[in-house]
Amino acid sequence: RAILDDRSIPIALESEKLAASLLAAPGKIATSAKQVAISDTLHHRIILADHQGNIEKIIGGPESGSVDGDANSSRFNSPQGVIFSEQGLYIADTGNHLIRYLDLESGKVSRIAGNGELQRLPEGNYHALKIGLASPWGLALEGDMLYIAMAGSHQIWRYNTKTKRASPYAGSGREGIDNGALPVATFSQPSGLSIVGDWLYVADAEDSAIRRIHLKKGQVETLIGRGLFDFGDRDGAFDQAQLQHVLGVVAYGSDQLLIADTYNHKLKSMDLQQGSIRTLLGTGKPGSGSEPPSALQLNEPSGLAIIGDQVLITDTNHHRIIAYDLKNGHAAEWKLRLDSKSYVTEPQSELPPTR
């Protein structure tokens with residue numbers, strides 16, 4: 001009793017420090033022909049903007065919850081993956097273990113998969129609203145099939161947008177980096193997805209790997225990565241390269257993948273024809289967030305999306321979006337702006353000011 005200090009420890013919660021920031025640890029990002037969707041993860045909301053960065057709508061937030069409804073009343077819990085369809089936006093509501101759908105015409109959010117419980121299910125074809133999911137993190141859409149990187153169960157799932165049923169697609173549920181047929185292959189916290197032709201590419205975070213699944217042949221293979229304890233920062237040939245906890249992957253054309261090499265704080269490019277990877281942006285150090293463009297650094301980037309010849313990067317721990325020009329190598333902050341003429345969600349007084 002004589003030596004213990006009973007004064008409270010001065011703890012500053014991350015959510016309190018970021019309350020005045022427009023973005024708080026943005027996780028994933030997606031683009032359509034006209035819009036950009038950003039999962040503003042620690043603000044528990046989705047931001048929709050045009051290609052110039054003018055915010056058109058903010059859905060959910062600032063506090064967490066699990067509520068369907070319009071832009072003001074809906075609530076999310078640490079959302080991550082987003083992907084556009086023709087009429088809407090699919091959202092991986094990670095903290096709620098749900099898949100949500102935003103109807104872009106009506107502005108309504110609805111639950112389409114998950115019952116809100118964390119659950120690891122055996123192989124089967126389930127009514128999507130009657131089962132629990134396990135931390136859905138990344139999304140990809142091909143026709144009627146929504147592919148889900150189910151990080152919590154180390155699997156890839158599929159949700160049929162027509163039948164409204166969901167099932168495990170690839171991965172036994174055991175953590176690992178085994179290749180082969182869909183049921184016996186293993187993954188380790190898959191967190192990002194991208195489809196190119198007949199291939200579904202997977203950012204397999206915990207084994208610092210890039211994997212891919214042939215959608216017609218039903219086979220899993222590994223491009224980069226060898227196991228849970230094999231990580232580093234090495235460019236070059238696929239069989240010698242190393243990544244560290246990679247969270248994001250997106251296709252640029254048919255023979256190039258862009259990688260958010262998250263714990264190495266880098267953007268990298270994979271040449272699928274040459275079988276090699278190289279660094280495009282980042283020094284390997286997280287930086288301060290205030291460097292000039294010539295020395296711009298990333299801090300745990302996790303999401304990628306393409307607009308023309310630019311890749312948009314969620315620079316998660318810097319709470320910003322970076323645009324990297326794939327033609328000239330120029331990188332700069334892609335600034336979001338609150339435009340009172342186009343921003344339609346009320347009340348605007350609840351929004352944090354732009355920086």
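1. A quick word on terms before the details: a residue is buried if its relative accessible area is under 20%, exposed if over 50%, and partly exposed in between (1.4 Å probe, protein chains only). Lys268 comes out at 0% relative accessibility, so Lys268 counts as buried. Keep in mind that this is a predicted model, where local features need pLDDT of at least 70, side-chain atom pairs count only at pLDDT 80 or more, and totals for chains, interfaces and linings use all residues. Residues are numbered from 1 along each chain as its sequence is written, and side-chain values use heavy atoms, with hydrogens and water left out.

2. What does the side chain of Lys268 contact? Its polar contact with the side chain of Asp261 is 3.1 Å. (A polar contact is a pair of N or O atoms within 3.5 Å; within protein, one must be able to donate a hydrogen and the other to accept it, and residues adjacent in sequence count only if both atoms are side-chain atoms.) Lys268 sits in strand β22, residues 266–271. Strands here are DSSP runs of E, at least two residues, numbered from the N terminus.

3. Now the sheet around that strand. Strand β21 (residues 256–261) runs antiparallel to β22, and six bridges pair them; strands pair if DSSP finds at least two bridges between them. Asp261 has Lys266 of β22 as its bridge partner. The open sheet has five strands, in the order β19-β23-β22-β21-β20, with antiparallel pairing. Its edges are β19 (236–237) and β20 (248–251), each pairing on one side only.

4. On to the rings. Rings of Phe, Tyr and Trp (its six-membered ring) pair if their centres lie within 6.5 Å; planes under 30 degrees apart are stacked, over 60 edge-to-face, and the rest tilted. That gives three aromatic pairs. One of them is Tyr90 with Tyr101: the centres are 4.9 Å apart and the planes at 55 degrees, so this pair is tilted. Tyr90 is in β6 (residues 88–93) and Tyr101 in β7 (residues 98–103), so the pair ties together parts 11 residues apart in sequence. Tyr90 is buried at 10%, and Tyr101 is buried at 17%.

5. Tyr147 and Tyr169 have ring centres 5.4 Å apart and planes at 75 degrees, so they are edge-to-face. This pair links β11 (residues 145–150) to β13 (residues 165–170), with Tyr147 and Tyr169 22 residues apart. Tyr147 is buried at 4%; Tyr169 is buried at 12%.

6. Lastly, charges over rings (NZ of Lys or CZ of Arg within 6 Å of the ring centre and within 35 degrees of the ring normal). Arg211 is over the face of Phe187, 4.8 Å from the ring centre, while Arg212 is over Trp199 at 3.7 Å.

Notes
Helices (H or I, at least four residues) and strands (E, at least two) are DSSP runs, numbered from the N terminus.
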